[in-house]
Structure formats: C-alpha cells, structure tokens
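Biologist: Please show me the model, and I will then ask what stands behind the words you use for it.

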Number of protein chains: 4
Amino acid sequence: MEEYKVLDCGFVRLVDKMGDDSSIVQGARVSYGTGTKTLNKDKGLIEYLWKNKHTSPFEMCEIKLHIKCPIFIARQWLRHRTANVNEYSGRYSVMKGDYYVPDKICTQSTLNKQASAGYVSRETEERMRSDILKVSEYALGLYHEYLAQGVSRETCRILLPINFYTEFYWKIDLHNLLHFLKLRNHDHAQSEIRSYAEIILEKIVKPWVPLCYGAFKKY
Amino acid sequence: MEEYKVLDCGFVRLVDKMGDDSSIVQGARVSYGTGTKTLNKDKGLIEYLWKNKHTSPFEMCEIKLHIKCPIFIARQWLRHRTANVNEYSGRYSVMKGDYYVPDKICTQSTLNKQASAGYVSRETEERMRSDILKVSEYALGLYHEYLAQGVSRETCRILLPINFYTEFYWKIDLHNLLHFLKLRNHDHAQSEIRSYAEIILEKIVKPWVPLCYGAFKKY
Amino acid sequence: MEEYKVLDCGFVRLVDKMGDDSSIVQGARVSYGTGTKTLNKDKGLIEYLWKNKHTSPFEMCEIKLHIKCPIFIARQWLRHRTANVNEYSGRYSVMKGDYYVPDKICTQSTLNKQASAGYVSRETEERMRSDILKVSEYALGLYHEYLAQGVSRETCRILLPINFYTEFYWKIDLHNLLHFLKLRNHDHAQSEIRSYAEIILEKIVKPWVPLCYGAFKKY
Amino acid sequence: MEEYKVLDCGFVRLVDKMGDDSSIVQGARVSYGTGTKTLNKDKGLIEYLWKNKHTSPFEMCEIKLHIKCPIFIARQWLRHRTANVNEYSGRYSVMKGDYYVPDKICTQSTLNKQASAGYVSRETEERMRSDILKVSEYALGLYHEYLAQGVSRETCRILLPINFYTEFYWKIDLHNLLHFLKLRNHDHAQSEIRSYAEIILEKIVKPWVPLCYGAFKKY
C-alpha cells in the first residue's frame, strides 16, 4: 500500500480506488447518450464538465484512504459529511500515544480572524514546543496510570489533548474529494490540514485521474 | 461486463466494484483496533456487525451498476438518495423507444392499499396487454413525428408513458445497497422492482461478498 | 396557505418555514464566536458568507413546500438528493388525472444539445397540442377502464405519460434550496422547471430572507 | 429559550422547531392520498408508520438545538452525518475554558470491549478527578500564556484536552433525530452522551411530538 508521511507522525495511505478518467467520460456519455459526438475528446469533455459544474460524472469514481492525523485535524476533516468513515475508537482500544508537536509556531494574523501569519521568535518557539511536549507527556502518563488501575478506556482518554493522533479509513467519491481539496488546500485552511490536502492532490489524485487533475488546476 | 436480463427489455450490468468481505472486516478492525481478538473469525464478525447494526464497515465496499428499467421503476429506485447517479437524458438524446408490457396483469389487493393480489382473467389480460402496446406505439409514433418536424427533444418526450425504459449508472456503498434490497426485495414492493432487487442480490451480491450475503439472509 | 399557480394545473404552496436572515447570522456568529465585531452588520455578513461560500450558516433555515408538477419535472426535481420528500403514490391512490399541455412548442436548438430555441409554426403548435391532449385522454381513459375492471392501481398507471401531474411535499434547507434555484432558474434548465424556480425565488425566498435574496442576486 | 443543564457545564437548548405530530400525518397522507380512510386516527397511523419503518413522513419535522458538550462527546455526536451544524471555532475565537470532570469514575468492563462497568474505589476516584483538574488547568494556563504572547489561536488550542467544552447549533429532521436517540440513549453508548440523549428525548421530543414519542417508546 502506497504511504505518504505527513507532519511528524501522520500519513496518508491509498487503500483502494474505483474508476478513472474514463469512468467520468462514461458517466457523462450515458447522460448525453449519443448526442455528444462533437465533444468526443476526453480531455475537452472533462474540462467542459468541470467548468460547467456538471458534477455527477465525477461521482462515478471512488477512493479509499487510510489517514493518520491529529484529533484537531480530524475534527475539521470529518465535518465533510459525504464520505464513509471508520475511525479508530478510544473506547474499544488503547490509544497509541502519538502526539503532534509543530515544527514552526505561527503568530495570530491581525487581518484574518481565523488565520496565522508569520512566526514567533526562535526563543518562544522552543519554549512552546517544549511545553506542548510536556503537557502531552503529562497527559499520556496519567492515561496509562489510570488504565493500569482499571479505569475504563473511554474515561481515561478524556484527558488527552487534541494534538494526539487518531486514524481512520475515509472513502469518498471524486467530486466530493475535489470539493474537500478545494476548501482544505486553500490559504484560509489551517496549515496542517493543507499538508494533507496537498499530498492527496499531488501524490494520489494526479496519477489516478490526470485529466481531471488538469481541469482542477486550470479552473 | 456481466449482464442479467430483467423484464422484457431491461437489464442489470455489473460495471465495477471496490472491496469485498475482507474490507468490511478491515473497516471494523480499525474501529476496534487490536481489541477484537476474540471475534477474529471473519464470518462471525460480519454476522455480529450486521445483527448489531454496526453499519459503517459495510460502507467500505462500493459497487457500480448499469440499470435499464421502465421509468415507473426508476422513479421508485432513485428515491433512495445515498447513491451516485448518471441517467440517460431525454433532453440530450433521442429516447431509444423500448417500452414495458407486463406478462401477467394483477388485480388490486383489497387488504393492502398499495399491493396487487392474484391475476385478472386471461381475456382481460390479453386485452390490457394489447392496449398497453397500442398506447405505447401511438405515443412513440407521435414522438418521432414531432422530432422529425424539429420540435425539441425535451418537449417531444413529454407524451411518452412511464412504461418506457430509461437507463442509468448507479453507484452505491454496500450498506445502502443492502438497505435498498431489504425494502425492494420485500413483498410490499412492486413486483417489477423486486425482479431487479432479486437479481442484484442473488447474481451480484452473493458472489461478491458471500459472508455478508449470508448474514443478510440469516437476519 | 399561500399558493402560487404554475403552468396549466400546477402550483407551489408554502407549507412551513423555520428561521430567517437572523438565523443565518446567528449560525455564523456561533462559529465566529465573539470574533466578528467588525462584521456586525447583518447585510454585510450575509453577503460575505455567500460570496466566500461559507455555506453552513445558510443550512440553519428550512422550508417546506407543497409542489404539484408534471412527472417529467418531478424527475428533474427529485434528482436533488439533500431534501426530504413525501410524494403522492400511484400505488396507494388513484391518480387525479391532470396532465400538462404546453402553451408554446419549442424547436430543438442546434447549438445546445439539451435546449430548445425559438418556436414552431402556429400550425404545428396547434396540431401538437391537440395530439398531446389526445394521447393523454386516450391513456387516461384506459387507466380508468382497467381500474374499473379490478386491475391494481400500480399496474394501471404504467400507461400514463410523463406529462401527468404528481404532487409532493418537499422540505429543504436554504443552502440547498439556493443551489437548486441556481441550477434550475438557469437558461440551461428546461423552461417548465424554470417557471417553478422563478416563482419560488421571487414569491417565497425574497420575502422570507430578503438579505439572503439580495446576496443571491448580487453574486 | 428553554435550557436544560447536562453534566457539569453543558446544556441543551431548544432554539427552533418546525412541524409536529400532525405534520407526520400530513406527510403520510400525501403519499397515501385518499386511500387511508381506515387509518384515520393519528395515533394509530403514527404507530403504524414507525413500526413499519415508513420513515419519510418523520422527516417532515425539523428541530434546531444549541448544544454545549465536551469535545469527546461532540466527536461522537457529529459522526451522524444527516444534520446541519455550526460549531464554535477555536480558530476564530478564544476558547471559553470550561472543561468536564466526571462525577463518578467507571472501571473497564471485561465483558464489553467498549463499555464501562461499576465504579473505582472512592480513593482512586478522588485522585483521578484531581488529576483531570490538574492537567486541564495546566493546559488552560499554557493556552492563555501563549495567546498573550501572540501565538495564533489555531495553534494555541492544540494542547487542550478533549474534556474541554465546545458548542454547536445542530439542526436535524425528526427521523434522523430518533435514529440518533436510539443509538445514543442505548446502554452501549458512553454514559455522558446518554445524558444528553435522555434529556433531548424526555424534555424536548416528548412535549413536541407526543404521539411520535409514544410510538418510539413502544417499539
């Protein structure tokens, strides 16, 4: 299974896929019947469909990914409702204990309420990274301590911070994937989820459906 | 492409599929993590998931079918909203002109408002079959006549009866497919759609995901 | 209940609604918390949300309509999947027998595969209107004849053309309603569904959520 | 606005609702047309619909709630995809700083992988409650410290544990609400989300749609 590393402990794995560029064309052709002789070049047709927001043929392709990302990213990710999901459950299983410590620490943008802008000083960065590590290790220590004393897994985990990693299978059709990528590979998105979106777009979508990727980048 | 004939001119074709029984197990295992050692027989796990309505692992499989059925069946079919669809468009293309004439004519059930029960006399049956054919041919003749005079396709088709055939690609995950089959392979469903549901269940689902098929039949 | 006539026998009725412009603002404010002091004019905020495709606050409003339209329009309408629907059933009940005869007959566009363009001659128009009426009356006569002979409703109706009227309740959130209106009040849409979309936009959406209507028209 | 307290700092508020028992009946009647004279008592009809899983009439009612709950509960909650959501954003706004400390600490069930069973000793309980408080205060202190130093909100929040409270508007139709309540007011659900589900069922659903509530409890 192809695997792409993201952030310090995360990954995107391509588990399975169904269809390709020609499935988009095939889906469009059943709708257009024999009436599209003049659009019979696949590239042109796919660009036409994309530009004119004829979205249903793009739904004819499906992909399944295995994602490992911090909880705060998973929370943004799973707000997208048109996907099938199986997530690792901290009720059934012991959490694996990986957590995320950012490389670079950003300052609050004063122009955009939701965004970061620029970096803090080297000294603040080191101090904050060290504090994130400390609070994470402190929480993880307590987590294992109370597990060992027989407290239920579903209770122990409530003290873990949202920089801890979770994992899920994520299955989605190409139309909704591209919508996700448009929103999350955007400069308004948080940089961590953009790292995932960019990997998916460049490493997975591009070789899978190159004509569709071309249309996506063009418009 | 495998094709199964249904009714007088219809079919179900298997276009593509993704995943199988082991994908259901894999989806369940990511949720259950390492905690399911005691359920490690796939058959038992799939039956457990199905019986306890843990539906998300079944969403990890996807199938794409090509359906040809009368419009009145397509209307029932496409009420199921959790699927991806590309339907033949009578606006873009000339309708192919196939229409459905039932083999047997049923009488209205007096017990169940929505159902048929028993058969009309042989004589009524023959008369009605002949009348269905007549009105279909009459409508089809007018359709082609006005097309030939330059009337738009989208207007000409409005006089075609709902026994005319349409075609569509239909892509759906296994959980929602089984929900569809439970409702449409049921004795409250109209016999024509049951014919399609039965074919899909026995000819396509059974060889594709045999353990899941077993659980479906058992509960 | 407000009722707006559409086509020869159709209507749009406003059954119920929930929320208004201020609910969109309220939805946005919970997401933005106390951070939006500078955007505190509702009109500006709604235009900002619309322009930047922040769609979730528009989902905070809901509307329920009662629609009566020809079957070929209902087929286009119910392809929109994110709505709740209860449709009149020709299996449970006798069809009411209204059918649609277009006022004007359009010719096929040679530029756009799916569209009409211009009108046929007055003479062709009269002849076709008369033929639509004839095939509709012929089918309706047979429908009632076989019902009277005890044939099941679900079978009798299969010979009715798609210009026959159906009815349904349609409940949808404002974001998805506006998406529907953008696609169906568009010059690529069939003129009959545009008549419905225009009525809904001008007679129902405009007085209901005037700021949102303004943003919709502006962008 | 009606408000019901849940857990130590949470609540459920009823923001708005649309429809009632009679809307379910009205939805069913448009589907059944004039054919249901014999089912004309609303109570009987609603029980019949519920028992036979005729779910679409229940979708004719809609409700909007304002929820405040810990993040680990919100994660379970928002896995239900058929709802409209506006959640408080820790990117736009400073987190309010409330966190959840359980009253009682449960031990891990040995029979059910995902469940708690019984309580830990009084002494372990006190120690764990105190540790949850300590890690929460530690994280909250760091959160405010780095905010004050100009680090972006979206970065500062990543060290907050999942017992911190979030808030969201949640709008859902009655069919999907009842499905949620069936799963989350169940002894397999975590006790904290059951507290929310029970309040919604008893304090909000019961007075809103009493016939529907009766059918839900009966079957």
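Modeller: Let us begin with one pair of residues: Val12(D) stands opposite Ile67(D), a residue of β3(D). This is a predicted model, in which local features need pLDDT of at least 70 and side-chain atom pairs count only at pLDDT 80 or more, while totals for chains, interfaces and linings use all residues. Residues are numbered from 1 along each chain as its sequence is written, and chains are lettered from A and ligands numbered from 1 in the order in which they are written.

Biologist: What makes strand β2 and strand β3 of chain D a pair?

Modeller: Strands are DSSP runs of E with at least two residues, helices are runs of H or I with at least four, and both are numbered from the N terminus. Two strands pair if DSSP finds at least two bridges between them. Strand β2 (residues 10-18) and strand β3 (residues 62-70) of chain D are joined by 7 bridges and run antiparallel, so they count as a pair by that rule.

Biologist: Why are β1 and β4 of chain D called edge strands?

Modeller: The open sheet of chain D has 5 strands in the order β1-β2-β3-β7-β4, with antiparallel pairing. Its edge strands, β1 (3-6) and β4 (84-87), each pair on one side only. Helix α6 (residues 174-184) of chain D packs on this sheet, touching β3 and β7 (165-173).

Biologist: How do you know that β1 and β2 of chain C are paired?

Modeller: Strand β1 (residues 3-6) and strand β2 (residues 10-18) of chain C share 4 bridges in the antiparallel sense, and Tyr4(C) has Val12(C) in β2(C) as its bridge partner. The hairpin that these two strands form has 3 residues between the strands, and Leu7(C) takes a positive phi near 55° there.

Biologist: Why is α1(B) called roughly perpendicular to α2(B)?

Modeller: Axes are lines fitted to C-alpha atoms, for helices over the stretch in contact, and angles run from 0 to 180 degrees between N-to-C directions. The axes of α1 (residues 21-32) and α2 (residues 42-51) of chain B come within 10 Å and cross at roughly 70°. Angles of 65 to 115 degrees count as roughly perpendicular (under 35 is roughly parallel, over 145 roughly antiparallel, the rest oblique), so α1(B) is roughly perpendicular to α2(B).

Biologist: Which residues meet where α1(B) and α2(B) are in contact?

Modeller: Contact requires C-beta atoms, placed from the backbone, within 7 Å. Among those of α1(B) are Ile24(B) and Val25(B), and among those of α2(B) are Leu45(B) and Ile46(B).

Biologist: How do you know that chains D and A meet through the same surface?

Modeller: Of the interface residues of chain D, 98% are also interface residues in chain A, so the copies meet through the same surface. Chain D gives 42 residues to the contact and chain A gives 41 residues. On the side of chain D, α4(D) gives the most, with 9 residues.

Terms used:
Two residues are in contact if their C-beta atoms, placed from the backbone, lie within 7 Å.
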